[in-house]
Amino acid sequence: MQVYSVPKSIKKDSKFTFCSGCDHGLAIKLVAQVLDELNLREKTLAVASSGCSVFLYNFLDVDCIESPHGRAAAVATGAKRAFRAQKQDRFVFTYQGDGDFASIGLGESIHSALRGENISIICINNTNYGMTGGQMGPTSTMGQITTTSPLGRNEYYHGYPIKAAEHIALCDGTCFSARCALFDIKNIINTKKQIKHAFECQIKGLGFSFVEILSSCPTNWRLSPKDAHKKIENEISKIYPIGIFKDKTNDN
Amino acid sequence: MSEKQLLKGNIAIAKAALEAGCKCYFGYPITPQSEIGEFLSLEMQKLDLGYVCAESEIGAINMALGATATGTKALVSSSSCAISLMQEALSYAASDELPIVLVNVMRAGPGQGYIYPSQGDYNQATVGGGNGDYHTIVLSPSSVEECALMTYRAFYLSQKYKNPVILLVDGFLGQMAEGVELVKNPYPEIDNSSWILSGANNRDSRKIHSLEPNQDKLNNHIRNLSAKYKEIEKNEVDYEKYLCDDAEIIITAFGSLARAAKEVCNHYRKKGVRIGLFRPKTLWPFPYQELGELSKKIKIFVDIEMNLGQMLKDVKLALSSGAKVSFIGKPVGDWLKLEEMIQGIENIIKENQVASL
Ligand SMILES: Cc1ncc(C[n+]2csc(CCOP(=O)(O)OP(=O)(O)O)c2C)c(N)n1
Ligand code: SF4
Ligand SMILES: [Mg+2]
């Protein structure tokens with residue numbers, strides 16, 4: 001009996017090139033499993049962004065476009081609107097970092113949620129700009145030491161981080177907004193469930209769906225993969241609570 | 001679409017875009033081009049097409065990246081300072097080989113400048129305001145009718161070469177109403193099935209990307225783009241010659257200003273001075289060769305622009321040795337008046353002791 005197989009939506013023979021212990025690989029695998037389960041592979045356009053997330057297109061076996069840094073929600077908006085104009089039923093989602101989604105691209109992100117664009121967004125929150133070497137980003141936590149906050153983030157000098165899932169939940173066009181994590185089996189299962197629910201919102205045409213995933217960046221955090229997960233469990237998930245902040249499918 | 005209508009350049013562009021099969025429009029308001037988006041907002045909604053009042057010009061042009069990647073024709077329009085905001089995505093579109101059609105109805109700059117007519121974006125459009133080795137095709141209409149014809153051509157060339165195309169319109173032309181007969185789109189559809197992203201159904205998955213960590217691959221990609229640009233330079237140069245054959249002086253001008261320049265030619269012809277006009281219709285690729293050819297026998301050139309001489313450097317590059325070029329221009333404001341041009345040319349005639357007046 002086969003207990004595990006590589007998802008159909010993952011390219012054959014692909015090996016993840018992320019740093020060891022990085023949660024990007026796991027997150028992409030979960031996305032691939034959900035694409036399989038919902039039979040979306042053949043009708044999907046994935047929008048990768050700038051950041052470690054960009055390598056999505058080396059692993060996912062679906063049509064992919066890379067967007068300029070921060071513009072994934074706009075690129076996805078254009079694609080989804082175009083498919084609709086062509087009377088084509090296609091599935092469009094973005095896979096973005098926290099810096100991409102919530103800093104340089106915050107305008108595109110919030111406005112696509114406000115417009116209720118029928119797209120789904122997966123945001124990998126690793127509390128820094130991972131690809132460029134771990135600088136302070138919009139989600140870096142108070143006190144967090146990064147290469148550009150060497151003395152730790154503080155409110156006077158740097159200001160405060162953003163809670164993306166809560167902000168997105170405030171937008172009227174948002175159908176679903178949740179935050180989850182990958183530090184243990186229970187949370188991994190929950191994350192997959194939230195991704196699936198978000199994707200189903202789009203399939204049903206209910207508008208913008210958003211999943212923020214608290215993810216590890218052991219390299220830039222200068223921690224072992226195990227300690228990185230502990231940090232998410234004990235510190236980061238206390239600041240960024242795991243939960244569902246909006247779900248229109250529960251209304252009425 | 002065949003009887004004569006009184007149309008502004010902006011509306012002619014919008015109507016021609018629909019006729020050319022454009023199914024998406026993304027834009028953000030800025031004078032003097034807002035009529036394009038205003039007109040299409042109703043028409044596209046009626047047809048259930050893709051119209052988005054974008055949050056910014058950055059949003060708009062990136063939406064066009066997404067839309068064109070699916071094989072859907074998309075239009076973005078804006079003006080000068082706001083076109084500056086789009087340069088990053090234009091560079092991506094060139095690298096990704098995505099057929100975005102972008103209309104720039106120019107206003108005066110730099111910075112916000114003002115909504116006065118100007119041709120100050122020649123450099124940005126033809127040299128490219130984004131990073132890297134790339135080119136956008138740049139078309140320059142000089143009448144409302146040409147606004148429509150070149151919109152058709154912009155969609156066609158963008159699809160043919162998988163390259164962004166800029167329709168560079170001066171604010172005067174965008175706002176000017178003329179009686180025109182809108183003809184049907186004369187260009188064939190280009191098969192895009194080999195590259196568009198429509199879902200990996202019965203074929204391998206595809207990716208469109210500009211990031212390329214492999215040095216050799218990146219080199220090859222840029223060289224391939226460059227080879228494509230050479231093809232475009234070979235095939236698509238377009239220009240108009242007016243009374244050039246027997247001319248002793250040639251005016252170079254583009255856009256609606258070139259029409260006024262024709263009046264200057266007519267004025268002098270009546271006086272027995274043989275002046276002609278050379279008007280590039282493609283600003284990139286620029287008709288270097290054709291202008292160079294003319295300059296083998298005609299030696300006096302006058303470049304007239306509503307800027308401080310941006311096309312002038314291309315004219316100089318084109319001219320063969322012995323030919324010289326003077327410049328008449330101003331950066332902004334009321335269009336150069338006939339009398340101003342005539343006065344300027346009068347001086348040049350005197351300096352060069354051409355024919356007696
Ligand atoms: C316009 C622009 N600015 C800056 C960069 C450099 N850059 C590339 S990725 C990145 C940070 C990505 O951080 P994040 O979105 O959090 O993704 P991560 O790598 O952490 O997964 C930056 C700053 C760029 N490519 N483009
Ligand atoms: S830098 Fe961080 S986010 Fe990027 S691959 Fe390495 S661990 Fe993952
Ligand atoms: Mg990050």
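How far is an oxygen atom of ligand 1 from an N or O atom in the side chain of Asp98(A)? The distance is 2.5 Å. The model is predicted.

**Ligand 1**

Ligand 1 lies between chains A and B. There are 17 residues around the ligand. Those that come nearest are Cys52(A), Asp98(A), Gly99(A), Asp100(A) and Gly130(A). Three of these residues have the following distances to an oxygen atom of ligand 1.

| Residue | Atom of the residue | Distance to an oxygen atom of ligand 1 |
|---|---|---|
| Cys52(A) | polar backbone atom | 2.9 Å |
| Asp98(A) | N or O atom in the side chain | 2.5 Å |
| Gly130(A) | polar backbone atom | 2.7 Å |

Cys52(A) and Gly130(A) each use a polar backbone atom. For Asp98(A), the atom belongs to the side chain.

**A helix pair in chain B**

Two packed helices are described by the angle between their axes and the distance between the axes. In chain B, helix α10 spans residues 257-271 and helix α13 spans residues 338-352. They pack at an angle of about 55°, and their axes are 10 Å apart. This angle makes α10(B) oblique to α13(B). The crossing of the two helices is right-handed.

From α10(B), the contact draws on Leu257(B), Ala260(B), Ala261(B), Glu263(B), Val264(B), His267(B) and Tyr268(B). From α13(B) come Leu338(B), Met341(B), Ile342(B), Ile345(B), Glu346(B) and Ile349(B). By class, 10 of the contact residues are nonpolar, 1 is polar and 2 are charged.

Conventions
Residues numbered from 1 in each chain as written. Chains lettered and ligands numbered in written order. Predicted model: local features only at pLDDT ≥ 70, side-chain atom pairs only at ≥ 80, totals over all residues. Heavy atoms only, no water. Axes fitted to C-alpha atoms, helices over the stretch in contact; angles between N-to-C directions. Helix = DSSP H or I, 4+ residues; strand = E, 2+ residues; numbered from the N terminus. Parallel < 35°, antiparallel > 145°, perpendicular 65-115°, else oblique. Left-handed = near helix turned anticlockwise from the far one by under 90°. Contact = heavy atoms within 4.5 Å. Nonpolar A, V, L, I, M, F, W, Y, C, P; charged D, E, K, R; others polar. Near = heavy atom within 4 Å. Polar contact = N/O pair within 3.5 Å; in protein donor to acceptor, adjacent residues only side chain to side chain.
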